Structures are given as C-alpha cells and as structure tokens.
Amino acid sequence: MEIVIANNSHTVYADIICKTIEDAAQVRGTGIAKRKPEYVATKIENGNAVIALDNGKFAGFCYIEQWGHGKFVANSGLIVHPDYRNIGLAKQIKEVIFKHSRTKFPDAKVFSITTGLAVMKLNSDLGYKPVTFSELTDDQSFWDGCKTCRNYDVLTRTERKMCLCTGMLFDPKNNNKEASPEVKESVFKKLKDIKQNLFLKKDNKK
C-alpha cells in the first residue's frame with residue numbers, strides 16, 4: 001500500500017473516487033456533499049490531494065480546499081474503498097493530508113465539518129477542537145457546496161448557525177496548545193445523537 005501526494009498521473013482515478021463517495025453517502029444515509037470528477041481531477045493536478053493505491057488499485061483519497069483567500073483550508077472528500085476499510089487506512093490518509101496541508105499552507109486554519117464519528121475522532125487526535133460554525137470560514141462558496149447534502153435544509157433554517165455536522169478547527173497560531181486529551185468517540189456520538197434528536201423530531205412534527 002502506498003499513500004502519496006497525487007499528481008497528473010492519478011487523474012484517471014477521478015471517476016472511481018466520486019463513485020465511491022456517492023455510494024458511501026447512500027449506504028450511510030448521512031450528508032455527504034457530491035463531487036464531480038472534473039473537480040476532483042483539478043485538485044489532483046494542483047497537488048492538493050492524497051491518494052492511496054494498492055498495486056495500482058484505488059484504495060483511498062482526500063483533498064485540500066482553500067477558503068477565505070487562503071485563511072482557511074479544509075481536508076475534504078476523505079474516502080476509503082470498501083475493500084480497504086477497517087484496517088486503519090483512513091487514519092493514515094488523514095495524517096498525510098493534514099501534514100501536507102500544514103506544509104503547503106502553514107498559516108491557514110485547518111477546519112472540518114462532518115457527521116462521521118470516525119472522522120471526528122481522527123480530527124481530535126490531530127489536535128482539532130469542536131467549534132461553532134461562526135468560527136469557520138464565512139466564504140459563501142464553501143457553504144454553497146453544502147447544497148447537495150441531504151441535510152442542507154437544517155443548515156438554512158438555522159441561518160447557518162448549526163447543522164447535523166460538527167465543526168472542528170485546528171488553529172496554527174496557538175498550535176492547539178490547550179487542546180484537551182484524546183477524546184473518546186462516544187463523546188462525539190452523544191453530540192451527534194443530540195443534534196439528530198433536535199432536528200429530526202422537528203421534521204417529524206411537520
């Protein structure tokens with residue numbers, strides 16, 4: 001297994017990357033914004049992506065996005081092919097893309113919004129802290145990307161203050177020196193359950 005910074009030779013994997021992301025969203029029944037192969041290919045060509053390959057077979061992927069004129073970056077589209085799940089590959093990819101982000105954009109705040117408990121745990125281990133959406137980028141183009149998510153109505157009716165996703169942030173200025181000890185996944189599960197009960201009950205009353 002090799003995990004490398006993607007280059008032009010890896011654009012041939014754009015279609016399977018997008019298909020894997022789409023399939024994962026359907027299986028999980030959670031909000032994962034759709035990506036187009038052309039968009040993914042651009043990230044690969046710009047050196048803003050990491051890909052995992054097993055003797056040439058696609059195994060996993062993640063890419064970097066810039067927002068707010070470079071003040072923020074996000075590690076997006078983290079996906080592992082079903083054939084390679086439950087072996088710790090997502091964590092390895094996350095570590096590589098995070099290190100690449102810090103090297104390429106050392107002054108940018110790194111943030112994430114996700115409903116995935118495993119991703120929240122990975123972020124926490126890297127030094128991210130849970131934050132309110134107001135501490136994330138105000139770049140409208142980022143939030144427009146949420147329109148393809150099944151939970152977008154929650155985001156709009158709360159005036160973009162909260163959603164089923166949890167916002168997390170790594171701030172290089174303080175290097176997260178005050179970051180709390182490793183957070184258990186059960187803590188994020190409780191947070192996710194609270195949000196689901198809050199918003200889904202409202203939907204059921206309609």
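This report describes aromatic ring pairs in a predicted model.

## Basis

The model is predicted: local features need pLDDT of at least 70, side-chain atom pairs count only at pLDDT 80 or more, and totals for chains, interfaces and linings use all residues. Residues are numbered from 1 along each chain as its sequence is written, and side-chain values use heavy atoms, with hydrogens and water left out.

## Aromatic pairs

The whole structure holds nine aromatic pairs. Rings of Phe, Tyr and Trp (its six-membered ring) pair if their centres lie within 6.5 Å; planes under 30 degrees apart count as stacked, over 60 as edge-to-face and the rest as tilted.

Phe72 and Phe111 are edge-to-face, because their ring centres are 5.8 Å apart and their planes stand at 85°. Phe72 sits in strand β4 (residues 72–80) and Phe111 in strand β5 (residues 109–114), so this pair ties together parts 39 residues apart in sequence. Helices (H or I, at least four residues) and strands (E, at least two) are DSSP runs, numbered from the N terminus.

Phe111 is buried, at a relative accessible area of 1%. Buried means under 20% relative accessible area, exposed over 50%, partly exposed in between (1.4 Å probe, protein chains only). The rings of Phe111 and Phe142 are edge-to-face, with centres 5.0 Å apart and planes at 75°. Phe111 in strand β5 and Phe142 in helix α5 (residues 140–144) are 31 residues apart.

Phe72 is buried at 12%. Phe142 is buried at 9%.

## The cluster

One aromatic cluster is formed by Trp67, Phe72, Phe111, Phe133, Phe142 and Trp143.
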